[in-house]
Amino acid sequence: MYEPIGVVLGRLADDGPTVPALTTADVTRTRAELDVRTNRLGRSFLERGAAPGAIVAVSLPNGSAVVESVVAAWKLGAVPLVLSAAMPAAERAAVLELAASSSGGCLVVDDPAAAEPPDGDGSRLPTATPPYWRASTSGGSTGRPKLILSSKPGIADPDERTFYLRREGCTVVPGPLYHGAPFLIAANSLFRGKHVVLLPKFGAESTLAAVERHRADYLPLVPTMMSRIWKLPDDVKARVDLSSLQVVLHFGSSCPVWLKQAWIDWLGPERIHELYAGTEGQATTWIKGTEWVAHPGSVGRPANGAEMRAFGVDMAILPAGEIGEIYMKPPPGTPRTYEYVGAEAKSQGEWESLGDMGWIDDDGYVYIADRRTDMIVTGGANVYPAEVEAALEQHPDVRTAVVVGLPDGDLGHRIHAIVEGSPTLTADALATFMADRLVRYKIPRTFEVVDAPLRDEAGKVRRSVLRDARAGSV
């Protein structure tokens, strides 16, 4: 039965007050402790001006303060928005402007002291349901950030088996909560009474150690994490007890066939799962390792009655096996799953696209050929070139810039910037300049300065030609 998130978490606390709910670093909160602390923090947020329907923007590193702030927002009927603590001021200001304009206001929590519950009344807050269960942010193809508001209100059902999450047990979350999928899995684990172990940052050995120590049954990863774990010495992997794991879920970027096969051989196909979806949630695919062995490279088939098709440039649906732009459609009669603030959806009638290229086989399995034509997926994080280019072009000695993703054995793709500008420009100077303008994972790993024009008179660029010329030398 669906109920407001605050009610669900309160019932879980009543049913098992001493059961661990959250572990971050060396701190563990029981369900009762988490309940009382977030009741107090919710009252504190209300006193600071937060209100039902407003956005609570949390800009803190992975830790108990992030989770407690999010839960407190839900309890008072507000909408949580988790931002990277390293987001530069200019980018953050643009995001917060959108947040304030889209709701009844925006409370910013960016100081650990502001997320520490005061002493006082820890009783339950009046029941409230957030109009959106979460908000997230994306750079967007225009170079300006946008907000994505999930149309689902702040309700949950502990018995729902979405994402193969069972009740009780333990989920280890090694990814940052400002990314959509780690937030999604951490939140839904809490709703089901699972013990959430949130790592301060990803480490290959520390992730495996956390699984063993807490007997975790669920582990969400991106392919870069999978690669770094797999590259650990064999004796390190062999001495870790991973027998408790039931689901290893990967998402965020395409997983190389060899890497996925290595994990299947290591842990068994029944434990390896893959999710493909956008934050918008119009449609989702899911594939188990047992299916993937028969359809290597696929991300699965659309779930729950949703549809996906590959469309050609003339917007005709392509036959099986032909690469086109993947458009998706939710199940008939399904309410809209999201709202954009600061952007418009790319749609064709009932069909919407996230820009990914791919194909569908005769059995309806989806294959992704390239994760969006321009967007770069690096270490599981989405980076839009226009946003990086706009920041580079603020430098006085840069005439224009083109950003591409080049193959990288660890990250999937690394961000490479081709800069038309002064010959005195150096990579170090450009990296320093970018550090004040973009969050770290969006900053190019490599820079190349050229003196030939990169764009034509209309300002257009053949990005794929530039990318392919450099990818061949990687």
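Before the details, a word on the source. The model is predicted, so local features need pLDDT of at least 70 and side-chain atom pairs count only at pLDDT 80 or more, while totals for chains, interfaces and linings use all residues. Residues are numbered from 1 along each chain as its sequence is written, and side-chain values use heavy atoms, with hydrogens and water left out.

I start with charged pairs. Side chains of opposite charge can pair when their charged atoms come close. A salt bridge here is a side-chain nitrogen of Lys or Arg within 4 Å of a carboxyl oxygen of Asp or Glu. How many salt bridges does a search of the whole structure find? The search finds 28.

Take E68 and R29, whose side chains meet in a salt bridge with 3.1 Å from N to O. This pair links distant parts of the chain, since E68 is in helix α3 (residues 64–76) and R29 is in strand β3 (residues 27–30), 39 residues apart. Helices (H or I, at least four residues) and strands (E, at least two) are DSSP runs, numbered from the N terminus. Are E68 and R29 buried or exposed? Buried means under 20% relative accessible area, exposed means over 50%, and partly exposed is in between, with a 1.4 Å probe and protein chains only. E68 counts as buried because its relative accessibility is 1%, and R29 counts as buried at 17%.

The next pair is K194 and D217, with their closest N and O atoms 2.8 Å apart in a salt bridge. Both sit in loops: K194 between α5 (180–191) and β11 (195–198), D217 between α6 (204–214) and β12 (218–221), 23 residues apart. K194 is buried, with a relative accessible area of 1%, and D217 is buried at 4%.

R336 and E352 also form a salt bridge, at 2.9 Å from N to O. R336 lies in the loop between β18 (324–329) and β19 (338–341), and E352 lies in strand β21 (residues 351–360), 16 residues apart. Here R336 counts as partly exposed at 48% relative accessibility, whereas E352 is buried at 9%. Salt bridges can also join into a network, as they do for D14, D35, K75 and R124.

Now to the nonpolar cores. A nonpolar core is a set of buried Ala, Val, Leu, Ile, Met, Phe, Trp, Tyr and Cys residues joined through side-chain atoms within 4.5 Å. The largest one has 80 residues, and F45, V56, W74, F191 and W263 touch the most other members. Which helix gives the most to this core? That is α3, with 8 residues. Contact means heavy atoms within 4.5 Å. Leaving aside neighbours within four places in sequence, F45 is in contact with residues including A50, V56, S69, L107 and A114. Apart from this core lies another, of 18 residues, among them V388, L430, M434 and F447.

L149 lies in strand β8 (residues 146–150) and counts as buried because its relative accessibility is 3%. The C-alpha atoms of L149 and V79 are separated by 8.9 Å, with the two residues 70 apart along the chain. Not counting residues up to four places away in sequence, L149 touches I55, Y132, R134, A135, T337, Y338, E339 and V341.
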